Amino acid sequence: MATDTLNPLGNQRQSMYDNPLLVKSQLGQPLKRGFSLPSSQFTYGRPNASKDGGAAEAVSGWTGLSNYPILRKEKKQDRDFIALNKAAVNAGLVYAPEQYQYRATHDVRRRVSEEEKNKVRTRRIPASMTFGVSTRPSTPVFDLLEHKYQDRWLQDRRKTELVKREKIQQKTLTNKGIYETRASLLRKYAPPIDSPPLWQLPRFAKSSSAHLETFRTQPIKDSAFQHHGMDSISRRGAFGHGIYEPASS
């Protein structure tokens, strides 16, 4: 079709208007997405089924909901495939294509049970019903100022402690008449057992003294340990081998 106003250079097919990549933007207008919209006289939205009297009826008084009938859609029952297969077998159809054709030409629905009949499908909402979440009760400020919650907590703690003490007293009273004898004490006594020694080579079992001495004489060793004990005060670490700590005032 010829579109001299939109594209004066040539003709365009109708399919080119549906492709947003080929539609050219017009000057001063938003870019089109290639959707064909109805005319300007078309009204969008869903029509309202209930018809009211407008503002005059709203001012004079609203019409109750009970005047409007409740439309109930009758739900169609599901197909009973067990009954269909049984009827197909009784008719002599044993192959899958024959049973498929039989199910396509025959229709059997499930029967409604007594429980489903007694169920109320739709519940009529009263006109005076208020929707929403109920308002939370206000916080008792006087109870907070008087520390009533703290007193209640302390009372509960005292009650639990008293119950524990009563249980302990009952246990002591029940065990009061039982006396320990020497035989019962010996049964409870567990003699201490020394832990086994660490494993070492057999040649070091008798003589385990060190054969390497890094200090030349004993006075040099004593002076070295004395210097380490004085110098470890200002060093970090568990044994005083770390860096020096900074002075703090």
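Surface patches are made of residues with over 30% relative accessible area and no salt bridge, like charges being joined within 9 Å and nonpolar side chains (Val, Leu, Ile, Met, Phe, Trp, Tyr) within 5 Å. The structure is a predicted model, in which local features need pLDDT of at least 70 and side-chain atom pairs count only at pLDDT 80 or more, while totals for chains, interfaces and linings use all residues. Residues are numbered from 1 along each chain as its sequence is written, and side-chain values use heavy atoms, with hydrogens and water left out.

A patch of positive charge on the surface is formed by Arg157, Lys164, Lys167 and Lys171. Charges are placed at NZ of Lys, CZ of Arg, CG of Asp or CD of Glu. Arg157 belongs to helix H6, residues 148–174 (helices are DSSP runs of H or I with at least four residues, numbered from the N terminus). The relative accessible area of Arg157 is 43%, so this residue is partly exposed (buried is under 20%, exposed over 50%, partly exposed in between, with a 1.4 Å probe and protein chains only).

The count of salt bridges is 6, each defined as a side-chain nitrogen of Lys or Arg within 4 Å of a carboxyl oxygen of Asp or Glu. Lys148 pairs with Asp143 at 3.5 Å, N to O; Lys148 is partly exposed at 35%, whereas Asp143 is buried at 17%. Within the pair Arg109 and Asp107, the closest N and O atoms are 3.3 Å apart.

Note on methods. Accessible areas come from the Shrake-Rupley method with a 1.4 Å probe; for residues, only the protein chains shown count as cover. Lys and Arg count as positive and Asp and Glu as negative; His and the chain ends are not counted. Helices (H or I, at least four residues) and strands (E, at least two) are DSSP runs, numbered from the N terminus.
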